[in-house]
Amino acid sequence: MWIQPEEVLLAGALWVSERANPFFILQRRRGHGRGGGLSGLLVGTLDVVLDSSARVAPYRILLQTADSQIYWNIACGSSRKEITEHWDWLESNLLQTISIFDNDEDVTTFVKGKISGIIAEENRLKPGEEQEEDCGKFREAELKMRKLFGMPDEEKLVNYYSCSYWKGRVPRQGWLYLSVNHLCFYSFLLGKEVTLVVQWTEVTQLEKNATLVFPESIRVSTRHTEHFFSMFLNINDTFKLMEQLANIAMRQLLDNEAFAADRSLPKPCKTLKNVSALKRDLDARAKNERYRAMFRLMQDERLDGHTDCTLWTPFAKMHVVGQLFISNNYICFNSREEDLCQLIIPLREVSIVEKADSSSVLPCPVSISTKNKMNFLFANLKDRDFLVQRISDFLQRTPDSSWGDTSPLSLIGHSAASGVSSSSSAGSESVHRGRHYHPGLPTASQGLLQLYHRDAPEDLGPKAMKEKMKEEAWNIHFSEFGRGVCMYRTSRTRELVLNGIPERLRGELWLLFSGAQNEMATHPGYYGDLVEQAMGLCSLATEEIERDLHRSMPEHRAFQNETGIAALRRVLTAYAHRNPGIGYCQAMNIVTSVLLLYCTEEEAFWLLVALCERMLPDYYNTRVVGALVDQGVFEELTRAFLPLLYEHMQELGVISTISLSWFLTLFLSVMPFDSAVLLVDCFFYEGIKVIFQVALAVLHDNMDALLSCSDEGEAMTILGRYLDNVVNKQTVAPPIPHLHALLTSGDEPPPEIDIFDLIKSSYEKFGSLRSDVIEQMRFKQRLKVIQSLEDTAKRSVVRAMMTESAFTIEELEELYCIFKSKHMTSCYWGSSSSAADRHDPSLPYLEQYRIDPVQFTQLFTALGPWICGGHTPTLSARLFRLLDQNQDGLVNFKEFITGLSGMYHGDMTEKLKLLYKLHLPPALCPEEAESALEATHFFTEDEPRGEILTHCEEGKEGGGEADKKKGNCPDYRYYLRMWAKEKEPKRETIKDLPRMNQEQFIELCKTLYNMFSEEPLEQELYHSIATVASLLLRIGEVGKKFNNGTKKTETAATAQAPPSVQAPPPTQAPPPDLQREEGPGEGGSGESQVCRALADAQLEPAVLQTSDEETKDDTSVSSYSVVSSGSLQCEDIADDTVLIGGEQRRGSVLDVDWSITFEQVLASLLTEPPLVDYFERKGDIQSKMAACKAQRVVERQISSASDHELTQHSI
């Protein structure tokens, strides 16, 4: 490829010149290609160990001038063909032009300009996604990776690193390539080549560790092996990238989402050396995720940049050091010291941004004012002018129409993006609540608790006074720290949350701390629209919702009437409509009912969105993956903090049983409501870590009792009774009986535990938990959980298929892995949307993964026992159509195994039945199901009408219609009997198979001829085929004489029908290349025997060919002879003409009366022992699967001689 001209000082070092002219030199790297000897081995080793760019391009072209000692590298190539094309272009287009230049400097300038122009033009012509700013060296590394590991162009390299791969106890120095879907390693040391390819979807564990054996290494584990890599220049950077890529792969396994690169990344100011656009994309994603998690922002929020600064805090009268973050909709601040101060300022709330006067005390300050009269002063900003300009740019794009300020830094105009006025957003955040409902929509406009407390007399007891004091404390906090989204969040805020949020403020503060307030403010009217759209729709989710509505807090009076039930139904149905990927999951009803007690419907909806999509990711999908992941994290935390208890609990198997409900419902289902709701307060402020802390505290408090337990039931009883008696003594609400407590209370009630004491204890003992540590543990567990779910799916499939196939468990597992791998490959190398359409997690495991005809052909070629050379794709396409029972163009694993098992493990009759069916409709006719149906009419027209179509589903339907027309109206019991009969699995016998006509028989002979081309007894088998073919042709002739009768004249008349009647429609002809057989010279003697046998049969001049080429021409189009209701449509093989012995014969090429049955085929084949032996022989799929695995290149070490050529390996 052409590269930007680079200076080269030593043109001869380690390179051999192969061609030269006065201006250009073509060079080959020593050790590449022919020859090389010891010097070649040394150079190859040096290239791998020291520098990858040298070995990326084994060929290069240099520009040289007579007077200069400097050479310019203008092109490189990975093959001689590629570099020769560039050389020829230079000689034909540039050599003559530059030879007339007088000055060498002009030559150099002209050539460099020309090459740069070519590169620019190539980039311009590429599709938009290909136009990336990757440097030349990185592009060369990507090309090298594709060549070394046989990757297609769709496989994108993210980064590559120099490292050592430990093979046994010997480290192999080489290069680690990390692509989107694969981890690859290549090493070439003194003639020893090591190649390793691991799919990210196969990785079960990824960890960084340091041991005596492997100092600071990365361990990559799959189901079958472990790989160790060490000697990285920057191991942390490498490991983070590996984590990201493994996470993307797990997401792909979970919901079949292929990786999509972010095309909206800002271009870098300069080309970053050895950093690809994909690497920048992934780095930006990681930063965005940390930013969004830190400030609880929406999923589409993107960090623009961050800088160090100080923030003036009026409540503390001091400047707090921290970082300022700018994104497209928010300005955020986080103090360097944890919990000192955090601030979120939505740009929709900003009224003025201005540069204040600098001083020695306050250098480079920026003042930001909001609509509710709050001012924020940031100082010590490094690039203040640029920062203010960026904020101004974002403000210009912020939707709002209430701007009255004419300051150049404020926004003038209204939203063009959403078209919705947000003028009502001025003032306090509390004004927002309950504003975006469509008129007349029956939505709850306030929390359900307020509805029931509205008419209650005022309580002046000590608990009520305590509640009022809490409210007053929060009001003081609001006056000092601000209220609403722009409130300063400090350690004081946390203290107030841990002491319990007052009931009146709970909804408002949940919205604020979860980030749901921001999402609701930026999507006015969204919930109302969803409710309207979802009304009346019926789906699996809505059925499950209806079933669970009355199980949601039935003990609370708010859900003992239609008001609460209807509100809950609308919120759950709206969310299922918004996110069909999740739809509805059990436990969502419990959490949502609690949200509705304190919030309006719209607020509860946005809180549910925050929970399901941000705060508890993947918790509520079909396989509750997120909860299982956190269950694994909890087990790991138990082992770290309570090792003795962990060992005992593992023996009992309790942790996995108890913790799932704790996490899924945030303790709401296992603890009295008034106590659990305080944990929800803490959860919305602190996140998941508070749930882990409390869970650990519960185990710690019951440690002695649990250690003395002897079984799982006893341990669960102890924990259940403990949680039932966690009370909130400060609640003002009337006590709500906890159903679980009522059911499990014994004679002596255990002591009560104050929820505030439990929370305080959890912070004292386990407060050292950090969110970033939890995220790291979640990643580790996510790999385990998703891979274990995949293993469970595999086991379920294997168990289901054990009864339906003769393969062993090991063979079925391996076949499932190969089948799934083929599906996944299409997901990331093919069209991601089509692959996603093929994977539906709601389907049974057997039907989840499906493949198309192209992938089926690849698997059939690799695994099928009937390999027919060039005829294999045709046979594969026919088998695909036979197996695709629902005709959706896809075959699932069950159908695939059914076909494969018949070929490998069926007896001779079963194998021949399958082969026979492959040459009958529908296998032989993919285009028109109707023509396949009509073809069967002809062969069975002498049989009673009701028996014609018993071999196909269409026939069943047709038979039913015929019965209806008899005039008798049977009663419903008749229909029920018929329906039951249809549901019964009908066992097909050989008598059910339709007859085969001449053309189908020729196709069968073609297949048989191609099947034996690689057999050791090839000649004997060809002789047997010839004998059987001759016998069957005579049998058909005899049968024709019995059936001819009066039809002879009718047939003759129809044979003279106009060509327009006889010519097959072009749409019915399959592609000729699919029907071609192997070329001449392969088994020629065997074919000549077949042809002689056909000639000896002396049939009508229709189907006999004397050469391979004629066979090709004659049978290049499949066709059918159809006679129905006294008319004959004869579709000829090759436009009604066939060459026989050099003569052209016209007329109908098909003998429409000739046909044979399967019994006749079977009986004829049984007369030939070589054919009997062949079809009775059991196939060995193990070797085929081993070859298939080797083709995927798991690991290979090759010792090469002095000549080391880079070969392409397929995966």
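**Entry 1**

In which loop is Ala587 found? I located Ala587 in the loop between α17 (562–578) and α18 (588–598); helices here are DSSP runs of H or I with at least four residues, strands are runs of E with at least two, and both are numbered from the N terminus. I note that this is a predicted model, in which local features need pLDDT of at least 70, side-chain atom pairs count only at pLDDT 80 or more, and totals for chains, interfaces and linings use all residues. Residues are numbered from 1 along each chain as its sequence is written, and side-chain values use heavy atoms, with hydrogens and water left out.

I recorded a positive phi of about 95° for Ala587, although this residue is not a glycine. Ala587 counts as buried because its relative accessibility is 10%; buried means under 20% relative accessible area, exposed over 50%, and partly exposed in between (1.4 Å probe, protein chains only).

I then looked up Lys373, which is not a glycine either and has a positive phi of about 65°. Lys373 sits in the loop between β18 (366–370) and β19 (375–379). With a relative accessible area of 72%, Lys373 is exposed.

**Entry 2: a cis peptide bond**

I found a cis peptide bond joining Pro921 and Pro922, with omega at about 5°. Pro922 belongs to the loop between α36 and α37 (929–939).

**Entry 3: surroundings of Trp312**

I placed Trp312 in strand β13 (residues 303–313). Its relative accessible area is 30%, so Trp312 is partly exposed. Leaving aside residues up to four places away in sequence, I listed Lys317, Met318, His319, Leu377 and Tyr488 as residues that Trp312 touches; contact means heavy atoms within 4.5 Å. Between Trp312 and Leu362 I noted 50 residues in sequence and 9.9 Å in space, C-alpha to C-alpha.

**Entry 4: charged surface patches**

I looked up a patch of negative charge on the surface, where Asp907, Glu910, Asp1173 and Glu1176 gather. Patch residues have over 30% relative accessible area and no salt bridge, and like charges are joined within 9 Å; a salt bridge is a side-chain nitrogen of Lys or Arg within 4 Å of a carboxyl oxygen of Asp or Glu. Glu910 lies in helix α36 (residues 908–917).

Arg290 is placed in helix α8 (residues 277–295).

Conventions. Patch = residues over 30% accessible without salt bridge, like charges linked within 9 Å, V, L, I, M, F, W, Y side chains within 5 Å. Areas by Shrake-Rupley, 256 points an atom, 1.4 Å probe, with all protein chains shown as cover. Lys, Arg positive; Asp, Glu negative; His and termini not counted. Charge placed at Lys NZ, Arg CZ, Asp CG, Glu CD.
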